[in-house]
Each structure stands twice: as structure tokens, then as C-alpha cells.
Amino acid sequence: MCGIVGYIGKREALPILMDGLRRLEYRGYDSAGVAVLNGDLHVVKAVGKIASLDQALSDLTIPGTNGIAHTRWATHGVPSEENAHPHIDCHGKIALVHNGIIENYSELRESLKVAGHIFRSETDTEVLVHLVEHLLNFPGTTLADAVRSAVRRIRGTYGIAAFRLLEPEQIVVARLGSPIVLGVGDGEMLVASDANAIIGHTRQVVFLDDGEMAVLTADGYRVSSLDNLPVKKSPEQIDWNVEDAQKNGYAHFMLKEMHEQPEVMRNSTRGRLDVTNGNAILGGLRDVADRTREIDRLIIVGCGSAYFAAQVGEYMLEEYAGIPVEVELASEFRYRKPIITARTAVLAVSQSGETADTLAAIREAKMKGALTLGIVNAVGSTIARETDAGVYNHAGPEMGVASTKAFLSQATVFALLTLFLGRQRQMSVTTGTRIAEELARIPDLVAGLLARQDEYRTVAEKYSWAKDFFYLGRKYCAPLAFEGALKLKEVSYIHAEGYGAGEMKHGPIALIDETFPSIVLCPEDSVYEKTKSCIEELRARRGKVIAITTEGNQEIRQIADDVIFIPKTLEMLTPLLAIIPLQLFAYHMSVLRGFDPDRPRNLAKSVTVE
Ligand code: F6R
């Protein structure tokens, strides 16, 4: 989604802004632009990749130590230079970048047109810069005053950075529903919508909260509320570095992040597994432990892969912790009338911690009095801050648009949560210890599966002709079927549908013929015989089958066209292994078909609009 970078200090702004934009590329965008102040306001924009913006800048010299920049993911208006940010006022004296959506932009636009403002783009954002221009007409008004009044008149969400020729020593930023992080340097300040854009310059950051704005100068920052009351905010230290956000020799972030998974799992479980007591030590839940003991229902909300990880969690929690669990699409939850009692907890699962639908669901739950919890990867993100308590994944920054290591770490944290909530209830120490011991073994098994990636590439090559795939699994493997299909769709643009294997015979099997292969998750678990029957049914209709089963199972070889083996583990932990071939299969399919798996078309990494 859209990205913001800004710089004010002693150094040349342009190289810092361009570097920041490159670091935001992973989020998905379709145009980009920069604005720099140096006695004049210079704005350069380009459609397409950052390389096109580089090209547009190549013959220009734009010195200046104050600048803002943006990557745009189109919502209102096609990707074009006019629609790209920064947007400027009628006289080219104010520039503004914006993430989010202004819902009442049409009415504002009409009234500003009547007041004589000339619009150049089709975007909702442009009304903001004209509104600021309009408000600056009132004598004595500063840019900060005008931005404050402007945002009070809009409905919708925003993360904004703006500056002005007549007040060249500052950048004004504001936030409601779209993240803004300030980077505190030595004689310089940075701003971004995502810390990745600025950690190369400083790891001291300040996260703005909704309803806050800030004025940045080279010497520091001043945060205030929209009522212009000062807000005291001290910088915090970010604990990951630039290398974590680079490819380190891998062809793609997606590949690098899949290969990081053994380490990610170790990080997610480090210091948290109490094998002796068959428990998990979750510091983030310590303060609410009395409340989690009392809850009699858990609603888990998330989107996309996080939603599927939540379904894995649902099976674990119901089987071992004995808590009734419902998993809801966050985008549905807030528009229903969810029944929430004082003993309901609502748990948000989110890699970015900024997904608009998930955040809205958590706010709704909080308003209804639920205990709100989070499983979040991005430290300091909005969901992490707004939930009552939670557990961080510790997966490090995920740059690949398609979630891989975040999914695995979410499932891992669900296993920990199962121990924690299970031991607060009826789970015996013996059961807890068995789960904890097995969980500790999984990172090595994951490493073993990753080492066999050539096998998965060979299977992808064999089926690269296919235009459709079914992904089928039952019980713990049903959510994996959904996740596997999502991965293939996202990065290789092949039509893929995930189904519970038992559901095939209720309709989807009508599609099966020799051109419609299925990937069937069929480990030797409690539903093995049932899933095996599904394979037989597919074969009877000439469907090709790639089976994923447990090492040593020769029986499946007789009925499947291709077999991928995974090690034996506890049934509840099978998803943590079976996901690896699914991820790598999707990756190789993407590369074989000539696509860039890190930049899937139409997708954004963090979906901060509804
Ligand atoms: C899929 C994917 C998305 C995200 C979803 C939620 O590969 O990455 O489906 O899982 O947009 O994002 P977060 O976890 O940031 O809330």
C-alpha cells in the first residue's frame, strides 16, 4: 500500500528519500514521487517502479535538506503522474503526501472548486492540500494550524506529511488510522509510514497514535493532539536492523524468508517453552493471566494468511485447551453483531499490526467490553499497542508480499498459546511436556524440509502446464489447504481453490478431470483414511494428485501421481511442517512462469484501507 518518507536536517534530502522509497517498494505501489524545498518547491513524479522516478530525476539537480516522498497504490483514480503524490496547492507552494482514504472528498472538492481552487488529479488526497491552502488564507495561520483544521474537517483515514515554501524549516505530519513513525537522528528528523524506510538512518523512533500530529524540524519534534494540546512522547529503540530487511544473496525476499523459518521458529519460542512444567511462558500475557483463566470463549480475527493461521490455532486450542473458539474474517466481524460477554476474549492475528479490518475489529471488540489480545509481528504497531495484551511473533521484518515466515510464526505462537491456556485449564503436565518437547524439535525438521527444495521445484516443473489446482486437507490440514491455494494464487496467478477434503464430494469434484490437478495434504493423522478416500475419488475421475504425506508411507505412492514426504510429528504440529512444500511449490511456480514473487500484481503488503 501507499508509503511515506520525509527528511529534514543537514544532509541532502533527495538520496535519503529515494533510498526510503526503495525500502518501501515491498509494500506494493504503482507510482511514486518526491518534493524537495530549496527556495522553490520541486516536485517530480513517475508512473511505475522507483526506477522510473530515478530516470525522471536523472537530468535534474535538486539540492535541498527538506523533502517528502511517496509511493502510491491506487484507490481513487488510475496510476498516472497527475494522480501520484506529492500533491500541490494551486500556487505550487505547499506539498502534501497522504496514505488512507478521505471519504467525504467529493463534497469538499465541490466546495473548494466553488472557492476557486483548481484540481489537477482524480484523487481524494488532492482536496487535502487545497483545504490546507484555503485555511492558510486566515491571517496568522501556520501550516500546523491549517493541517490541524483540515484533518478535523475530513472523514476517513490518513497518515500525512506536508511542508510549505513559506515555512521551510519544518514538516507537519498527522495520523488517523494510517501509521506514521518519526525517526529521531542527530540534527535531523525522518518520518515514514513504515520504520523500514528509515532504520538505515536511525533506530530511535516515535510512533504517532491516532489523533496526533507533529511538527518536525532538524532539531527535533513536537507532538500534539488535534486540540493542540502537547503530547509527551519519548523515542523507543527498534531492535532489528537494515540487514534483516535485505535479501542477503537470495534471489527473492520470499525465498530468503522461507529459509529463515527455522530461526524464526526458534526466535518465536526462545525463552517461552517450559518443558518441565509442560507450559509456555508468555510475558506479554502475564498481566492478564487472571482474566485469560476466566474466559469461556475466544474469537480470533484476522485477514488472509493470518486468518488461516488462526484456523490452525482454533483446532489446537479447542483440542488441547478446551476453549470454544470462533475464527472470523476481520472484515466481516465488525459489520455483524458479534455476541460478546464479559468472559469473551477477542484475539487479533496480524503480521503488520496495521491491517485496517483487523484493527477495526479489535476496536469494536474493545468497545463491547471484550478482553483484546494480539499475535502481532511488527513491534510497536497499532494493533500491538491497542490490544490489552499479546504475544509478539519475533519473526523479524517480512518484506515478501506473500506471507511465509509470518504464517509459520503465527502458527507457532498458537501452539504456545495452547500450552498457556491449556495449562490454565485441564491440560495435564504430561500432555503439555509432550507438546513442548515436540515443538522444540520442529525448527530442525523445517530446516530438513527446506533442504529438499529441489524436489518441490521438480514437481512444480512437472505441473507448470496446469491452469487450475485444488488444495485439499482435513482437520489440521484444512486451513493449510486454504493457505497453500492462497500462496499459489498470489505469486503465480494460477487459479487455485482450497477445500476441506471432505467437502469435495459435495460439489467441487464436478470440476475434476485430467487437466485439474489436486495437492492433497494426507499425513498419517487421525483423518488419514478419510483423506485417502478423497484421493481415490479424485483418481476415479482421472484427476492428477500430488500427495503430501508422512515419511515412510509407501501406500500413498500407489494411488498418487507424485508424493512429497514430511516427517512424523504430533498431529497438531503437522501444519508447521506441511506448509513448507506448499510455500516452495508456489514460489517455484511463480519463478518458472517468469513472475517476480516479491511483487505480486495488484497486491499490497499491508492493507491499511478497508
Ligand atoms: C497473504 C498475505 C495476506 C496477509 C493479510 C493480513 O500471503 O500476506 O493475506 O496475511 O493481508 O495481513 P496482516 O497479517 O499484516 O494483518
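Start by selecting Lys 532 and Glu 529: they are 3 residues apart in helix α17 (residues 528-540), which means about one helical turn lies between them. Helices here are DSSP runs of H or I with at least four residues, strands are runs of E with at least two, and both are numbered from the N terminus.

Before going further, please note that this is a predicted model, in which local features need pLDDT of at least 70 and side-chain atom pairs count only at pLDDT 80 or more, while totals for chains, interfaces and linings use all residues. Residues are numbered from 1 along each chain as its sequence is written, and side-chain values use heavy atoms, with hydrogens and water left out.

**Stop 1: salt bridges**

Stay with Lys 532 and show its side chain. Lys 532 and Glu 529 form a salt bridge, with the closest N and O atoms 3.2 Å apart. (The term calls for a side-chain nitrogen of Lys or Arg within 4 Å of a carboxyl oxygen of Asp or Glu.) Are the two partners buried or exposed? Lys 532 has 13% relative accessibility and therefore counts as buried, while Glu 529 is partly exposed at 49%. Buried means under 20% relative accessible area, exposed means over 50%, and partly exposed is in between, using a 1.4 Å probe and protein chains only.

Next, jump to helix α7 (residues 261-269), where Glu 263 and Arg 266 sit 3 residues apart, about one turn of the helix. These two form a salt bridge with the closest N and O atoms 3.1 Å apart. Glu 263 is partly exposed at 38%, and Arg 266 is partly exposed at 28%.

For another example, select Arg 452 and Glu 455, whose side chains meet in a salt bridge at 3.3 Å, N to O. Glu 455 is partly exposed at 35%, and so is Arg 452, at 23%. How many salt bridges does the structure hold? The count is 38.

**Stop 2: aromatic rings**

A pair of aromatic rings is described by the distance of the centres and the angle of the planes. Here, rings of Phe, Tyr and Trp (its six-membered ring) pair if their centres lie within 6.5 Å; planes under 30 degrees apart count as stacked, over 60 as edge-to-face and the rest as tilted. By this rule there are 9 aromatic pairs.

Select Tyr 315 and Tyr 476, a tilted pair with 5.6 Å from centre to centre and 55° between the planes. This pair links distant parts of the chain, 161 residues apart: Tyr 315 is in helix α9 (residues 304-321), and Tyr 476 is in the loop between β22 (468-473) and α16 (478-492). Tyr 315 is partly exposed at 28% relative accessibility, whereas Tyr 476 is buried at 1%.

Then select Phe 470 and Phe 516. Their ring centres are 4.6 Å apart and their planes meet at 20°, so the pair is stacked. Phe 470 lies in strand β22 and Phe 516 in the loop between β23 (495-500) and β24 (518-521), so the pair ties together parts 46 residues apart in sequence. Both Phe 470 and Phe 516 are buried.

To see a cluster, select Tyr 307, Phe 308 and Phe 482, which are linked by ring pairs.

**Stop 3: charges over rings**

Select Arg 601 and Tyr 493: Arg 601 lies over the face of Tyr 493, at 3.8 Å from the ring centre. Lys 49 lies over the face of Tyr 29, at 5.3 Å from the ring centre. The rule asks for NZ of Lys or CZ of Arg within 6 Å of the ring centre and within 35 degrees of the ring normal.

**Stop 4: an open sheet**

Switch to cartoon view. An open sheet of 8 strands runs in the order β3-β2-β4-β1-β10-β9-β11-β14, with antiparallel pairing. (Two strands pair if DSSP finds at least two bridges between them.) The edge strands, each pairing on one side only, are β3 (41-47) and β14 (236-237).
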